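Biologist: I am new to this structure. Please show me how to read it, feature by feature.

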Amino acid sequence: MNNKRIVFKELPLEIEDVDKEAYEKFKVPNLKQFEGILVGPKKYYCHPCYKEVGLEYYNFEARSNDVYILGIMRSGTTLVSELVYLLVNDLNFQKAAGEDLHDRVPNLEAYLSYKIFVGQKAVFGFGFLKFDTCSLLRNHVKTFDEEVNQRCIRTHLPISLLSPHIFDVGAKVIYCARNPKDVIVSNYHLFRLFQEEHFHSFEDFFRMFKSSKLAFLPYFEHLKEGWARRNNPNFLFIFYEDLTRDKRKYIKKISDFLDIYVSEEALDELEDHLDINKFKNNRTINFESIRKMGYLSKNESFIRKGEIGQWRTYFTGDLETEVDEWIEENLTGTDIKFPDY
């Protein structure tokens, strides 16, 4: 294992501007938070402020006992983050109940949001927040260095945009994957949670997602980077569908991966704590502090249903044919198969 850290003076990834005609073609809302650049050979879509902070992410100094939770937004990273935090912290439910998850398991790239606007307001992903009162917008790249306890870190960045040092030092990495159809539906509601007025229809949102005009897409390139590492001993690739279908089995699988012993009694506690009916009412997970600031839609919630197959309500007729053809085209030549429940 190579423990030597290489510090790059320049980001070793090419950056391209997005053709302005693409915004109109794919009905991208004319808002600063939807502006984009294309990063690296896979052309991942990032906000232009990535030019300022991308090198920090790439040079991030990892620790061998770090635990990273990776995956496209709405692929199960929140559920796994809560589980990992409790496992690493000796099932201290009381401690977890006293602090928001985004503080306990910070999002590595949260600072991208702060960089969008400098002034009285900042954009967190999709909605406007007062950056001086919101810990979601801290530059965690800097504050992580001050953490003395074992670090649990969540990120939606694709592997090729992350620091190679994470893998060089042998940190534990869990990649969460989910059927893209349910990912699209869940992201649609997530965007509506913060700014519902910007999308006129689910179909428009799907076309934006399909054309990779949203953060950290294209979806299948992101997925393939995780799948390619699935046999690495320090890398665990899981499907959200498997996790929710047999939660107990996968709690044990993740605890074994982290070399943490969990008793049968503890498995009972964790399984109960992560039950979707309790999870969606957990105030430390559902951005209640943000809701109090008045920036969330009353008609949406961060944790919704967590069900498998919600896409069937949204993808019907020609739209279902289109999404199926898109998936088949992108999985051709791979051995990736989504769980069929």
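Modeller: Start with pairing. Two strands pair if DSSP finds at least two bridges between them. Strand E2 (residues 37–39) and E3 pass that test with three bridges, in the antiparallel sense. Keep in mind that this is a predicted model.

Biologist: Which residue stands opposite Tyr 44 of E3?

Modeller: Val 39 does.

Biologist: What is the strand order in the open sheet of three strands?

Modeller: The order is E1-E2-E3, and the pairing is antiparallel. Strand E1 (15–17) and strand E3 (44–46) are at the edges. Each has a single partner strand, so one side of each lacks a neighbour in the sheet. From one strand to the next, the twist averages 35°.

Biologist: Now the open sheet of four strands. What is its order, and is the pairing parallel or antiparallel?

Modeller: Read it as E7-E4-E8-E9, with parallel pairing. The edges are strand E7 (152–155) and strand E9 (235–239), which pair on one side only. Here the twist averages 20° from one strand to the next.

Biologist: How many bridges join E4 to E7, and how many join E4 to E8?

Modeller: Four bridges link E4 to E7. Four also link E4 to E8. Take one residue pair from each. Leu 70 has Thr 155 in E7 as its bridge partner. Ile 69 stands opposite Ile 174 in E8.

Biologist: And where does E8 meet E9?

Modeller: Strand E8 (residues 172–177) runs parallel to E9, joined by five bridges.

Biologist: Which way do the side chains of E4 point?

Modeller: The general idea first. In a regular strand, side chains alternate between the two faces of the sheet. Now the case here. Val 67 and Ile 69 point one way from E4, while Tyr 68 and Leu 70 point the other way. All are buried.

Biologist: Which strands does helix H3 lie across?

Modeller: Helix H3 (residues 77–88) lies across strand E4 (67–70), E7, E8 and E9. Its direction is at about 165° to E4. Helix H11 (residues 219–227) also packs on the sheet, where it touches E8 and E9. The direction of H11 makes about 130° with that of E9.

Biologist: Which residues of H17 are buried?

Modeller: They are Leu 319, Glu 322, Val 323, Trp 326, Ile 327 and Leu 331. These cover an arc of only 155° around the axis, so they sit on the same side of H17. The face turned away from that buried side carries exposed residues: Asp 318, Glu 325, Glu 328 and Glu 329. Just after H17, Gly 333 takes a positive phi of about 90°.

Biologist: Let us finish with a single residue. Is Ser 255 buried or exposed?

Modeller: Buried means under 20% relative accessible area. Ser 255 has 0% relative accessibility, so it counts as buried. Ser 255 belongs to helix H13 (residues 247–257).

Biologist: What does the side chain of Ser 255 reach?

Modeller: It reaches the backbone oxygen of Lys 252 at 2.8 Å. Leaving aside residues up to four places away in sequence, Ser 255 touches Leu 87, Ile 260 and Val 262.

Notes
Residues numbered from 1 in each chain as written. Predicted model: local features only at pLDDT ≥ 70, side-chain atom pairs only at ≥ 80, totals over all residues. Heavy atoms only, no water. Helix = DSSP H or I, 4+ residues; strand = E, 2+ residues; numbered from the N terminus. Buried < 20%, exposed > 50% of the residue type's maximum accessible area, 1.4 Å probe, protein only. Polar contact = N/O pair within 3.5 Å; in protein donor to acceptor, adjacent residues only side chain to side chain. Contact = heavy atoms within 4.5 Å. Axes fitted to C-alpha atoms, helices over the stretch in contact; angles between N-to-C directions. Arc of directions from axis to C-beta.
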